[in-house]
Structure formats: structure tokens, C-alpha cells
Amino acid sequence: SQDAAAFAALAARGAAAARDLDARSLALLSWAFAASRCGGRSLAPRGEDTLFEALEAHAIPRLARGLGARDSAALAWSLATVGRACRPAFEAVAAGAARVPAAQWSPQALANVLWAFATQRSGYGPGRVFDALEDAVVAKADALASRDVATVLWAYAARRRLSEAPRPDAVFGAVARSPGLAARLRGASPQSLANVAWAVAALYADGGGLDDAGRALGLDAVLAAVAAAAAPVARARRLEARQLATLARAFAAVRADAPEPTLLGALGRAAAADARALSPLDAAMVADAVSRCRAFVGNADAVVAALAADAADRASDFDAQEREDLCRALAVCGFADHALFGAAAEAVFPRVADDAKLLPVPTTAYAANDTDRVTVLEVVPYDAMFLAPLGSGPGGGDAGAPRRDDPIRELYVPPQDADVASL
């Protein structure tokens, strides 16, 4: 197309000029190519690669350490958005960003640079830039728009879960204390609401509620603000499947400190009404979440039954862990017989000819002990039948809890659109 040809020509011109670019031109050129992507795809892939290779070789090492806040953020965002994995380039940008005075950072620039370093996969450990920018984030917490709040909290939580970094209590506490947070979140996008809930639950969930640090930081108020903003969106069915599942899983993980269960009920109804639109992972996450909260979510049984009925029709699409989560949710909700149990067994053990010389394969087994804790096991392999009952290990008092200790096991990378790269 003409657009592709034009971008290829521009990329070639930019690559040829890489040795002569000044700092502002470097930021603008990289941002323009990253922002021009359509659906995450480049208009001129080969030209884009050639351009960024030239920038990484001749412009970024020379200029990155002297960039200001705005240009550092734009360059970092651009490199992450196009999927560059040049470690020296990210190291140079991080070194420059770490030297920028806190007063120079705008809320948008902070959000963009933190998102970039949380999502880059160059192998560079971004601890230096996160630590250096923490004071700026705390100082700007009152000025963060809803999208910036979500991006900053998500980035710090993602960084913490991918490394042994200390928990960013100062950042989360500053956001929780910032005036007008509830009003800001009322105007937030569904993705931002899901990101905030995920970040709080990912770092501060413990035993079905907030841990002591989360309560001391006032994160229950953050959860209340997210719930108040998300409930009408859920009732209006305006949540994408992953946003819905993320909110459900996050609020289930902190259920003891979450606000009234209006949100979880609305999320469950939305999921059950359009179960086929949910991916296997999302369906399993929602079923697991509402079953954990069955005691105070009145429609939990109906939601789990609807999700399981849909899953039974496409059981082969679900992996073993997803089938196990759904079967466990059924058992927790009191279903002793359901089509999904047989469908899950058939997904593991395909039917064989009647005259085959094989022992009969048992169907999916489920068993409850006398403390009402329920485990559902797919019969793979035979020794799986002798796993310890749920709740017998650390933190085992939670009825129907999964064997994994971590309630938030998926690290979903949210998009950071080009229009927030403020230039």
C-alpha cells in the first residue's frame, strides 16, 4: 500500500540519519513509528526493524542518558511497544531516566516509562529506574488521572512479581491516601479498573483478605472505589472477557476486605449470560472466584453451573488446570453430578474400542472430607488419586481453595495506547 511504502521510505531516511539525530528528534522519530502501528502490527516491518536497529546502534547510546523526562518516557514507551529487546538500549534509557529530577516528571510520563520498563523483555532488570522514580510517583499521586493510577500500580505490581524487589508500599499508600481517588476512578476505563484491582490483590492478598500491610495502607478504600465504579459497568455488560475475569479473581482473592458483593454478583451474571465469549482461562477464573465467595454471592451456584455447562460442550479446549478449576467450583457449589465431570475425563482419556485389551478408565473423581473441603481430581496419573485433601497444607482453612497458594497466577500485560505518550 501507499502508506506502507511511505513508512518504509521514512524508516530508511531515519536509519541513515541516526548518527546525526538530536535528542528531541530521537524521541519524536521512535514515538511516531511506534504510535503508527495498527492493531499492534507495523505498516513496514522490515523498515521498522532497520530503523530501530540503527537507533539502538548510533543514537540511543549517544543521547539516551541526557534525555529529559518527556523524551525518556517517549523513547522507553516506543521501544517496549514495538517489542525491541536490546538490553543496552534499555539500560541507557533507564540510566537517563533515573537522573531526571522528580519535579520534571508529569503523571503521564511517569505512567509511560514505568509501563515500558515493566513490559520490556530485554533481560534488563529495571529495579534502578523503579526505585529512582518512586519519590516522583509519591509526590505526583494526587495528580494521577485514573489511567495513570492504574498503569503505575500495575507496573509496580508486575515488577514486584517478576523479581525479588521490596513491595512498593510507599506508592500504593500514596495513591490510597490521595484526595478524590473515588471520583477519579468513577471515570476510569474498564481496563484501568481491572488493572487497579489486579495490582492490589497481586501484592496484598493473604488468606482471602488483605494482609496487615494492605489494611494499614488503606487499600480497602481503593477496593471500595474500584467496586463502586465497576459494578454499573458490569451490569451494563460493558466489560471485555479478560477484564471481567480479572476483576472477579482479584475481588475473590481479597473477599474478606472487599465491599458488599454487588460487584461479584454482577460479574457472575455477565459471565453466565455470555459464557461462550469467555476463553477457557477466563471461564475458569470466574467460576473459581464466585465459588470462593459462595457464602455471600447469591447467584454463585447458577453462575458456576452455566459456565460448566458451556465448558462441557467444549471440554477439549480447556487445559487440565482449567478443567480442574471448573470441576472444583462445581463440587464447592454442591454439584455431585454434572456433564463436565464426564467431559473432563473424556478429554484426558479418549474413548477406545469396546474390544480393546485395556482396563476400564474411571471417570473424574471427586471427594469431600468431613470438614467440607472439597477436591476434584482428574485421573492423571493413578497416583493423583492420593494427593492430600485441599486445606491440609499451609493456609488450608479456606473451603474450596486451589492447591496453588497464589490466587492471582496470570500476569496480563495491558496495552498502553499511543495517545498517552505526551509529546
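What follows is a walk through this structure, from its overall confidence to some of its local contacts.

The model is predicted. Mean pLDDT for the protein chain is 85. Of its residues, 82% reach 70 or more. Among the elements, helix α9, residues 169–177, has the highest mean pLDDT, at 98. Strand β4, residues 374–377, has the lowest, at 41. Two stretches call for caution. Over residues 358–407, pLDDT stays under 50. The model has 84 contacts beyond four places in sequence for that stretch. Over residues 418–422, pLDDT also stays under 50. There the model has 13 contacts beyond four places in sequence.

The largest nonpolar core holds 134 residues. Six of them touch the most other members: Leu 55, Ile 60, Trp 105, Phe 117, Phe 172 and Val 286. In soluble globular proteins, nonpolar side chains tend to be buried together.

Phe 117 is then in contact with Ala 76, Phe 90, Val 93 and Ala 94, among others. Its contacts also include Tyr 124, Pro 126, Val 129 and Phe 130.

Now turn to a helix pair. Helix α7 spans residues 127–140. Its axis comes within 9 Å of that of α9, and the two cross at roughly 10 degrees. Angles under 35 degrees count as roughly parallel, so α7 is roughly parallel to α9. From α7, the residues that meet α9 are Glu 134, Val 137 and Val 138. On the α9 side they are Ala 170, Val 171 and Ala 174. The residues of this contact divide into five nonpolar, no polar and one charged.

Is Ala 54 buried or exposed? Its relative accessible area is 11%. Buried means under 20%, so Ala 54 is buried. Leaving aside neighbours within four places in sequence, Ala 54 is in contact with Ala 15, Ala 18 and Ala 59. Ala 11 is 43 residues away from Ala 54 along the chain. The C-alpha atoms of the two are separated by 9.9 Å.

Asp 20 makes a contrast. This residue is found in the loop between α1 (2–16) and α2 (23–35). Asp 20 counts as exposed because its relative accessibility is 67%, and exposed means over 50%. Asp 20 and His 58 are 38 residues apart along the chain. Their C-alpha atoms are separated by 8.7 Å.

Conventions:
Residues are numbered from 1 along each chain as its sequence is written. This is a predicted model: local features need pLDDT of at least 70, side-chain atom pairs count only at pLDDT 80 or more; totals for chains, interfaces and linings use all residues. Side-chain values use heavy atoms; hydrogens and water are left out. A nonpolar core is a set of buried Ala, Val, Leu, Ile, Met, Phe, Trp, Tyr and Cys residues joined through side-chain atoms within 4.5 Å. Buried means under 20% relative accessible area, exposed over 50%, partly exposed in between (1.4 Å probe, protein chains only). Contact means heavy atoms within 4.5 Å. pLDDT is the predictor's confidence in each residue, from 0 to 100. Helices (H or I, at least four residues) and strands (E, at least two) are DSSP runs, numbered from the N terminus. Axes are lines fitted to C-alpha atoms, for helices over the stretch in contact, and angles run from 0 to 180 degrees between N-to-C directions. Angles under 35 degrees count as roughly parallel, over 145 as roughly antiparallel, 65 to 115 as roughly perpendicular and the rest as oblique. Ala, Val, Leu, Ile, Met, Phe, Trp, Tyr, Cys and Pro count as nonpolar, Asp, Glu, Lys and Arg as charged, and the others, Gly among them, as polar.
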